[in-house]
Amino acid sequence: MKILIHYKSTCLYMVLDTIIYKYKFIEKSTLLVFYKLLLKVLIALLFIASCSPKQESDLMRDELANIYKKASMNPKSYYHMNKFRVKWMKKKAKDLPAAKIMTHRYYLSQELLRAGLSKEAISELNGIISDIGVRTDWMNNSTRSLIDELALAYLRFGEQVNCIENHTGDSCVMPIAEEGIQVKTESTKKAIDLYKKILKSYPNDLGSRWLLNIAYMSIGLYPDGVPKQYLVKGLDGNSSNKISKFSNIAHEVGLATNGISGGLNVEDFNNDGHLDLFMTSYGLNDPSYLFFADGKGGYYDHTSQAGLDGITSGLNSIHADYDNDGNIDIFVLRGAWLADAGAHPNSLLHNNGDGTFTDVTHSSGLLSYHPTQTASWADFNLDGFLDLFIGNESNGKWQDIIAQNRIGDGQAHPSELYLNNGDGTFTEISKKVGIETEAFVKAAVWGDINNDGLPDLFVSIMGEPNKLYVNKGGTSIEDWSFEEQAAQSGVEKPLFSFPAWFWDFDNDGWEDLVVLSYDFRNFSRLVSDVASEHLNLPFSSEIPRLYRNNKDGTFSDVTELTQLDKALYSMGCNFGDLDNDGWLDFYVGTGSPDLRSIVPNRMFRNVEGQRFEEVTYNIGMGHIQKGHAIAFADLDRDGDQDVYSVMGGAMEGDTFPNALFENPSKSNMNAWITLELKGKKANRSAIGARIEIIVLQTNGRLRKISHTIGTGGSFGAGSLQAEIGLGDAKEIIQISIRWPNAKRTIETHKNFFINKFYRVVEGEKPQVLDKEHIPFTKISKMKKDHK
């Protein structure tokens with residue numbers, strides 16, 4: 001009821017609020033302010049009679065459509081609108097002098113490749129080679145880039161005709177074998193021929209050496225077919241396999257949507273007891289998709305019925321029940337990497353509880369125009385309502401390294417902290433509480449570094465020291481404050497950071513911190529760096545950081561100690577427990593906008609909180625297409641976590657079907673428990689609740705396992721239900737929950753059984769849930785319009 005009332009009161013203002021925000025640079029004289037208020041009242045009178053939730057969604061649809069329309073007329077400012085850029089470049093060529101035509105054709109060939117028009121790019125490149133008389137069997141520094149581009153075009157075309165047009169679950173997953181091996185090999189063989197010629201002239205080109213090995217593997221000739229001097233060993237895994245191989249079954253259950261990079265939310269959006277999936281795509285006109293579980297092991301597209309048609313674009317998305325009505329809502333983030341051209345609105349999608357969603361961005365007070373891809377929910381003042389931090393990409397040295405469209409010195413895009421007013425609306429209060437961040441923010445995550453029950457905020461910044469805002473509390477919002485202490489806590493690095501998350505990787509009851517790297521400075525060496533790591537050679541990339549909580553407000557860098565000093569170039573990410581051993585593992589989506597960045601997404605297994613071992617190739621999860629939003633979730637309710645990953649790069653033509661890796665549960669006998677928490681005085685989603693489980697192991701010893709309620713990492717959102725591995729436990733002694741309410745109440749319960757689902761309501765006795773295993777129904781349901 002509060003939401004409906006608020007629609008009526010806020011609809012008077014939402015249209016003009018948009019106009020005023022977009023033109024906030026106008027000088028604010030007293031007279032101008034009066035005219036604005038007057039105009040607001042006049043427009044309100046026009047809308048008051050017909051305002052409705054549906055109209056607010058239509059308002060967002062119209063605005064998103066208008067953004068796309070304007071961008072299509074000026075694609076130069078949007079690096080990922082590649083087909084429009086091709087048209088623009090072809091038109092521009094008609095007016096160029098003869099001396100510049102050849103260079104322009106080369107740039108056009110690159111744009112054709114980014115647009116997915118690989119065959120046309122190959123034709124253009126071969127035409128250039130013929131016209132200027134370049135020999136592909138001999139090259140120098142002036143012709144090398146041309147041959148390299150042609151080799152890449154052949155390699156990409158081979159991927160398109162085999163891995164996309166004739167897609168299987170094994171396509172582009174290292175080690176490439178069985179149904180993943182290409183059938184149409186002509187184009188890939190041409191790439192192999194060119195890479196061998198490049199290496200003949202430049203034998204130390206580790207990037208070309210890596211791509212040569214990938215090409216040989218794609219046609220089933222790795223390792224024996226690779227010339228010995230160019231072989232990169234170990235890409236087919238080894239025999240020490242403690243976890244059985246996962247299988248990519250997305251195409252078999254109707255979830256292999258084909259697109260570019262985007263966000264992901266896994267949650268039970270219709271409260272039927274089964275986990276559903278919502279996903280976005282980065283293109284300005286790309287649709288969102290909502291797939292509901294059918295309760296029989298399959299999924300169906302519910303997007304149109306949910307009222308989500310036209311709610312386009314978005315590189316990332318997060319979810320929570322922000323209004324405590326029992327229905328999980330979604331927040332979509334837009335404009336990332338586009339610098340000032342990315343000043344687009346985000347979307348708050350209110351779950352109506354009947355299978356539909358309404359875009360309430362305007363009426364909720366969350367309307368703003370900044371490029372962003374990261375945000376995080378937490379009840380920072382413990383009033384029972386979730387607040388929202390949005391990390392925006394503000395002007396800085398690295399802001400437009402990809403888009404290169406900054407206006408002058410760059411516009412200010414400060415990050416925002418929105419206080420939940422408890423009536424469906426929010427108020428921006430970042431400066432009021434001491435969180436002032438105007439930087440190129442790439443991740444924002446909440447955690448509790450000092451176990452005082454107050455959520456603290458970590459902000460990952462590209463090209464600058466990271467920030468840690470410690471929650472100092474207050475008696476009311478008027479005196480609430482945060483204190484920045486990243487330097488004192490020792491968590492400023494890496495300087496070129498991207499995804500991040502808090503977790504308790506060593507189960508000591510204190511939250512640790514992961515900050516993964518994304519080193520812009522070495523983008524051109526990305527493939528070479530990955531090859532160097534595999535060859536045990538030094539690499540250029542800044543390494544990620546794993547910080548162990550010292551329990552005194554500081555952290556220790558244990559990256560090398562835990563064997564995570566890798567060349568990761570991390571984008572999407574999340575964590576979970578692959579084998580239910582009670583130790584949290586993680587999966588990283590890798591790559592860059594460059595089509596050459598054909599490197600595996602990587603899985604790391606936690607070895608008893610002491611170190612991490614890479615199991616990427618052994619368990620069949622080395623997907624070499626660019627990985628973005630990732631979620632761990634028990635989709636088939638068999639007690640172990642499956643992994644879903646949104647695939648595809650930033651460029652329009654760098655598409656690939658998403659992946660769902662099914663966990664081979666039959667090979668794993670470890671115990672587990674799944675808990676659905678419901679706050680009453682705490683926020684309904686129970687985000688921030690701390691769970692401590694004491695189990696009796698088969699060896700007679702007690703063991704403690706910790707878990708915090710949340711959706712996981714900063715790029716990809718898993719389910720809010722706590723899916724917890726218990727190792728070789730034979731009995732649960734007790735479970736304690738510290739609820740994120742004002743009193744930080746701790747409740748302890750007993751009489752739990754292993755391998756069961758429970759619902760735990762704050763202040764009530766836990767209830768066992770009757771949830772049976774629903775095996776995946778592996779019959780392809782994909783439609784052509786999911787491309």
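Mentor: Happy to! There are zero disulfides in the structure, a disulfide being a pair of cysteine sulfur atoms within 2.5 Å. The closest cysteine sulfur to that of cysteine 163 belongs to cysteine 172, and at 3.2 Å it is too far for a bond. Cysteine 163 is buried, its relative accessible area being 3%; buried stands for under 20% relative accessible area, exposed for over 50%, and partly exposed for what lies in between, with a 1.4 Å probe and protein chains only. Cysteine 573 is buried too, at 0% relative accessibility.

A word on what you are looking at: this is a predicted model, where local features need pLDDT of at least 70, side-chain atom pairs count only at pLDDT 80 or more, and totals for chains, interfaces and linings use all residues. Residues are numbered from 1 along each chain as its sequence is written, and side-chain values use heavy atoms, leaving out hydrogens and water.

For the setting, the chain has 787 residues, of which 64% count as buried. Its secondary structure comprises 14 helices and 40 strands; these are DSSP runs numbered from the N terminus, with helices being H or I of at least four residues and strands E of at least two.

Now to helix α14, residues 526-534. Nine of its nine residues are buried, so α14 is largely enclosed by the rest of the structure. Among those buried residues are Leu526, Val527 and Val530, but also Asp529, Glu533 and His534. The cover over the buried residues of α14 includes α9 (206-218), β26 (602-607) and β27 (611-614), judged by contact, meaning heavy atoms within 4.5 Å. Just after α14, asparagine 536 has a positive phi of about 60°.

Let us move on to a sheet. Four strands form an open sheet in the order β8-β9-β10-β11, with antiparallel pairing; two strands pair if DSSP finds at least two bridges between them. At the edges are β8 (316-320) and β11 (357-359), each pairing on one side only. On average, neighbouring strands of this sheet are turned by 20° against each other, direction ignored; the axes behind this angle are lines fitted to C-alpha atoms. Within β9, isoleucine 330 is the bridge partner of histidine 319.

Methods:
Axes fitted to C-alpha atoms, helices over the stretch in contact; angles between N-to-C directions.
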